[in-house]
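Dear colleague,

Please find below the structure that I am handing over to you.

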Amino acid sequence: GKKCKWPLLVYLHGTGCGSFFQSGKKYLRSTGMHNATDCFVVLSPACEWWWKQIPSEWVVRLVQFLTCASWIAFNRVYLTCVSMVGMSSWEMCAKRLDLFAAIAPVASYHKADRREFLAGALKGTPTLSLMSSTDVTCPLHSERLSERRLWEELLKAGSTTLQAEVCQVDHERIFEEAYCKTTFLYEWLLKWKRRSC
């Protein structure tokens, strides 16, 4: 009889990947995936934009629509993106600070000319950024796309909720590292709730 409100996990995929649960049977049986299905409603839209493009507006509208459902905890909406759409987590949240409680970009990147804007907008947003020191597709130390530079800018802007994690797996294995091997990413996100307006 008691109504249950579920946290919403919005997952945006990388190039050549499908939805969150279409990443292979091995992953579906993993500790992390079991935790995701136990703890969240997972929204995994098809990303129709290319890696240099800003994410489509319809995704934000879809998330906003779902937060109105009686079974969604509107103050516990989380955004995570990997690889090609890594930029999307930064850009989407920066434009809609009222929508997401926390973000977790994985093997992500950003446009250098947007760095200062993103840091200023997201300095109050809990952020878990997971990168690999051996990733050559989304390199940690790239001059143009460096996430480390954005981390520095966020800290300079006054962020107290940025957590940066660096692992040592190649780009193809970072999905497994972030979402399957452990429950760390999910537990970290669930610590945060968006303050009611």
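Predicted model: local features only at pLDDT ≥ 70, side-chain atom pairs only at ≥ 80, totals over all residues.

A residue counts as buried when its relative accessible area is under 20%.

As for the overall architecture, the chain contains eight helices and six strands. Read from the N terminus, its elements follow the order β-α-α-β-α-β-α-β-α-β-α-β-α-α. Of contacts between residues at least 6 apart in sequence, 75% link residues at least 24 apart.

Turning to the interior, 52% of the 197 residues in the chain count as buried. The largest nonpolar core has 30 residues, and those touching the most other members are L8, V10, L12, V63, L79 and F100. At least two residues of this core come from each of β1 (6-12), α3 (57-66), β3 (72-82), α4 (86-95), α5 (115-122) and α6 (147-157). Another core, of 27 residues, lies apart from it and includes F20, A107, L128 and F175. In soluble globular proteins, nonpolar side chains tend to be buried together.

Finally, the accessible surface of the chain amounts to about 9,700 Å², and carbon and sulfur atoms account for 53% of that area.

With kind regards

Conventions: Residues numbered from 1 in each chain as written. Heavy atoms only, no water. Core = buried A, V, L, I, M, F, W, Y, C linked by side-chain atoms within 4.5 Å. Buried < 20%, exposed > 50% of the residue type's maximum accessible area, 1.4 Å probe, protein only. Helix = DSSP H or I, 4+ residues; strand = E, 2+ residues; numbered from the N terminus. Contact = heavy atoms within 4.5 Å. Areas by Shrake-Rupley, 256 points an atom, 1.4 Å probe, with all protein chains shown as cover.
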